[in-house]
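Notebook open, model loaded. I'm jotting things down as I look them up.

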Amino acid sequence: VLVGAVTVQLVRPRYEAQSRVMLDIIKPDPVTGQVMATAFLRAYTKTQIELVKDPDTARVVVKNLKLDKNPVLRRRYAESNQSGDTDFETWAAQEISRGAEARLIEASNILEIAYGTDSPSRAKQIADGLRQAYVDTTLQSRQESARRNAEWYENQAEKTKAILFQAEAEKAKYERENGLVLGADKIDIDTARLAALASQGAGQFIAPTSQSAGPATLQLAELESSIAEAAKSLGPNHPTLVDMRRRREIVAAQAARERNAASQASASAMSAAQATTGMLEAQKAKVMAQREKVERLRLMQDEIDLRRDQYNKAVSRSAQLRQEAEVAEAGVVPLAAATTPQKPVFPN
């Protein structure tokens with residue numbers, strides 16, 4: 001009891017203040033729409049805890065709170081053995097890092113930031129300073145990372161655009177030199193023309209047969225049959241027989257014209273079929289002759305399509321990162337501020 005009482009009287013008391021932030025990792029990112037996987041939560045929270053106690057965060061606290069003008073800390077710095085080897089800012093950051101603690105509240109995504117020192121007011125001040133420095137550092141880190149990545153994607157987009165323009169120029173030059181043009185479906189004009197000719201001449205030509213007869217031919221056959229029957233019972237100069245023979249001459253002339261027209265149509269169809277076949281064979285030979293050139297042109301178009309896709313993706317990703325670099329929140333929401341502790345946590 002005596003030793004404990006003496007210890008309480010001699011040992012400098014230590015006061016601890018706590019402030020809190022909420023790690024907003026459950027809802028999707030407002031820019032990217034991504035949600036953190038469960039497997040990375042443990043590593044993420046451990047990183048945030050270490051970031052709170054990081055000396056760089058402590059340096060931000062020293063600057064924000066202007067602790068270099070605090071006479072108590074100045075006196076302690078002068079009394080320390082490090083005053084000759086270490087500057088005040090580094091020494092103060094180390095002192096804050098040693099007194100800082102961070103822990104995740106069980107079964108929650110709330111991070112509690114604590115700082116302990118011999119002064120209740122300074123414990124509250126630095127606990128709040130650590131919270132604000134942690135939020136600012138997290139936001140700045142995210143913005144700078146997004147900005148660096150955006151610059152990288154922009155450089156890649158510029159390089160890809162230069163390659164794309166060069167590929168387009170080479171393709172246009174090759175088309176001019178060889179008289180080839182590719183359509184949107186990567187089919188050249190000659191191949192498309194060959195397909196059209198093939199579809200026109202796909203049906204086999206069938207010439208009209210001699211057995212086919214028109215109306216006049218059929219009517220002529222009927223008249224001849226009627227005349228032959230009438231000649232058996234009527235005389236050669238009978239008016240009815242004479243009239244039937246006159247009509248036969250008229251119908252015979254019409255039948256002759258029908259046969260001539262059918263013959264001419266058959267000849268024209270045959271000639272057209274032969275011409276189509278000749279054009280088809282000629283076009284086929286032309287396509288076969290320039291197949292290697294067309295294939296090379298298609299490969300050049302594939303290269304252009306690939307570079308255009310790379311350029312579009314780089315520009316899209318760069319725009320997204322630029323938007324992320326302008327984001328105003330870093331997934332950390334400040335909660336309760338620290339209160340001035342009334343009782344020391346040591347000795348107790």
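These entries cover the sheet, the helices on it and a surface patch, all in a predicted model.

**Sheet.** I started with the strand order. I get an open sheet of four strands, running β2-β3-β1-β4, with antiparallel pairing. The edges are β2 (100-104) and β4 (332-334), and each of them pairs on one side only. From one strand to the next, the twist averages 30 degrees.

**β1 against β4.** Next I checked how β4 is held in the sheet. It pairs with β1 (residues 15-23) in the antiparallel sense, over three bridges. For a residue-level handle, I noted that Leu-23 stands opposite Val-332 in β4.

**Helices on the sheet.** Which strands does α6 touch? I find α6 (residues 120-178) packed on the sheet and touching β1, β2, β3 and β4. Its direction makes about 25 degrees with that of β1. Then I looked at α2 (residues 41-52), which lies across β1, β2 and β3 (110-117). Against β2, helix α2 runs at about 160 degrees.

Leu-2 is found in α1, which spans residues 2-10. Is Leu-2 buried or exposed? I have it as exposed, because its relative accessible area is 66% and the cut-off for exposed is over 50%. Leu-2 also belongs to a nonpolar surface patch, made together with Val-6 and Leu-10. I wrote down about 350 Å² for that patch.

How values were computed: Residues are numbered from 1 along each chain as its sequence is written. This is a predicted model: local features need pLDDT of at least 70, side-chain atom pairs count only at pLDDT 80 or more; totals for chains, interfaces and linings use all residues. Side-chain values use heavy atoms; hydrogens and water are left out. Two strands pair if DSSP finds at least two bridges between them. Helices (H or I, at least four residues) and strands (E, at least two) are DSSP runs, numbered from the N terminus. Axes are lines fitted to C-alpha atoms, for helices over the stretch in contact, and angles run from 0 to 180 degrees between N-to-C directions. Contact means heavy atoms within 4.5 Å. Patches are made of residues with over 30% relative accessible area and no salt bridge: like charges are joined within 9 Å, nonpolar side chains (Val, Leu, Ile, Met, Phe, Trp, Tyr) within 5 Å. Accessible areas come from the Shrake-Rupley method with a 1.4 Å probe; for residues, only the protein chains shown count as cover. A salt bridge is a side-chain nitrogen of Lys or Arg within 4 Å of a carboxyl oxygen of Asp or Glu. Buried means under 20% relative accessible area, exposed over 50%, partly exposed in between (1.4 Å probe, protein chains only).
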